[in-house]
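Me: I would like to learn how to read the features of a protein model. May we go through one together?

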Amino acid sequence: PLIYMVALSFATPGEVHGVQWIFTLDNYRKILEPVYLDTFVQSFQLAITSTVFITLIGYPFGYFMAKLPAGGKKKAMLLLMLPFWVNSLIRLYGWIIILQKKGLLNYILMKLGLIQEPLKILYSYPAIVIGMVYVLLPFMALSVYSSAEKLDASLVEASRDLGASAWKAFWTVSFRLTLPGLLSGVVLSFIPSMGLFFIADILGGNKIVLVGSVIQEQITKGRNQPFAAALSAVLMVLTSVMI
């Protein structure tokens with residue numbers, strides 16, 4: 001499929017529909033137009049922002065989950081896996097109920113006296129980031145958990161016996177040994193966040209256009225499959241370089 005996609009990116013769209021197998025570089029030249037370059041920039045900014053928040057939340061969760069007793073691990077794992085039992089679209093519509101002006105979040109904040117007027121969170125950039133973090137957080141937590149569970153506690157104990165502080169023992173021993181899990185979580189979070197356009201559509205109200213949205217539009221509405229393939233090929237290369 002990837003070979004076919006790359007080949008299709010050099011084809012010419014048909015005058016009415018379909019594809020003409022005439023070699024051209026126009027599909028890649030079109031990507032250099034400012035409107036499409038801005039789309040790539042927005043997609044990368046959102047992916048990086050989401051991955052940073054996912055890391056800050058997911059790493060401690062996965063690390064401390066591995067330190068729990070056997071019973072606690074099972075309960076934490078169950079809570080982490082429960083969202084996967086529900087369709088992601090349904091879960092995102094749940095966030096609409098929470099984030100809307102008359103939603104649960106604003107109701108609680110106003111009852112606590114923290115705000116005087118409802119916050120406009122829904123259909124904004126923060127709402128999209130929240131959706132991305134919510135959907136992709138389990139991948140980070142599970143990746144870190146798998147590394148932290150295999151961590152040899154005697155190595156940390158040895159570093160403390162040799163005079164290291166708790167923070168230094170964590171940074172020089174625990175963090176270094178769980179780094180492969182962290183990097184796996186970053187990959188599993190960063191790559192999907194570049195293409196999860198339906199989250200931006202649902203929680204962002206089409207205010208932020210991602211590359212995935214443009215690809216879908218070119219296939220369904222524009223009927224320009226070669227240009228969609230060119231966008232996909234460039235996105236794949238840029239994501240690979242970032243990783």
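This is a predicted model: local features need pLDDT of at least 70, side-chain atom pairs count only at pLDDT 80 or more; totals for chains, interfaces and linings use all residues.

Me: Which residues of helix α10 are buried?

Reply: A residue counts as buried when its relative accessible area is under 20%. In α10, which spans residues 197-204, the buried residues are Ile199, Ala200, Ile202, Leu203 and Gly204. Their cover includes helices α5 (88-99) and α7 (125-149). Just after α10 comes Gly205, with a positive phi of about 65°.

Me: Which residues touch the most other members of the largest nonpolar core?

Reply: A nonpolar core is a set of buried residues of nonpolar kinds, joined through their side chains. Here the largest one has 37 residues, and those touching the most other members are Tyr59, Tyr63, Ile128, Met132, Ile199 and Leu203. Two or more residues come from each of α3 (34-66), α4 (70-81), α5, α7, α9 (166-193) and α10. The most come from α7, which gives 12 residues. Apart from this core lies another, of 15 residues, including Tyr36, Val211, Ala228 and Leu235.

Me: Is Ser9 buried or exposed?

Reply: The relative accessible area decides the matter. Ser9 is buried because its value is 0%. Ser9 is found in the loop between α1 (2-8) and β1 (12-13). Not counting residues up to four places away in sequence, Ser9 touches Thr24, Asn27, Tyr28, Pro226, Ala229 and Ala230.

Me: What does Thr39 touch, not counting residues up to four places away in sequence?

Reply: Again one looks past the sequence neighbours. Thr39, in helix α3, touches Val209, Leu210, Val211 and Val214. Thr39 counts as buried because its relative accessibility is 8%.

Me: Which residues make the nonpolar surface patch?

Reply: A patch of this type joins nonpolar side chains that have some accessible area. In this model, Leu78, Leu79, Leu82, Phe84, Trp85, Val86, Ile90, Phe139 and Leu188 make a patch of about 870 Å². One of them, Val86, lies in the loop between α4 and α5. Val86 counts as partly exposed because its relative accessibility is 35%.

Me: How many salt bridges does the structure hold?

Reply: Side chains of opposite charge can pair when their charged atoms come close. The structure holds two salt bridges. One joins the side chains of Arg29 and Asp26, at 2.6 Å from N to O. Arg29 and Asp26 are three residues apart in helix α2 (residues 26-31), so about one helical turn separates them. Asp26 is partly exposed, with a relative accessible area of 47%.

Me: Where are Glu149 and Lys73?

Reply: A salt bridge may be read by asking which parts of the chain its partners belong to. Glu149 is in helix α7 and Lys73 in helix α4, 76 residues apart, and the pair links distant parts of the chain. Their closest N and O atoms are 3.6 Å apart. Glu149 counts as partly exposed at 42% relative accessibility, whereas Lys73 is buried, with a relative accessible area of 18%.

Conventions:
Residues are numbered from 1 along each chain as its sequence is written. Side-chain values use heavy atoms; hydrogens and water are left out. Buried means under 20% relative accessible area, exposed over 50%, partly exposed in between (1.4 Å probe, protein chains only). Helices (H or I, at least four residues) and strands (E, at least two) are DSSP runs, numbered from the N terminus. Contact means heavy atoms within 4.5 Å. A nonpolar core is a set of buried Ala, Val, Leu, Ile, Met, Phe, Trp, Tyr and Cys residues joined through side-chain atoms within 4.5 Å. Patches are made of residues with over 30% relative accessible area and no salt bridge: like charges are joined within 9 Å, nonpolar side chains (Val, Leu, Ile, Met, Phe, Trp, Tyr) within 5 Å. Accessible areas come from the Shrake-Rupley method with a 1.4 Å probe; for residues, only the protein chains shown count as cover. A salt bridge is a side-chain nitrogen of Lys or Arg within 4 Å of a carboxyl oxygen of Asp or Glu.
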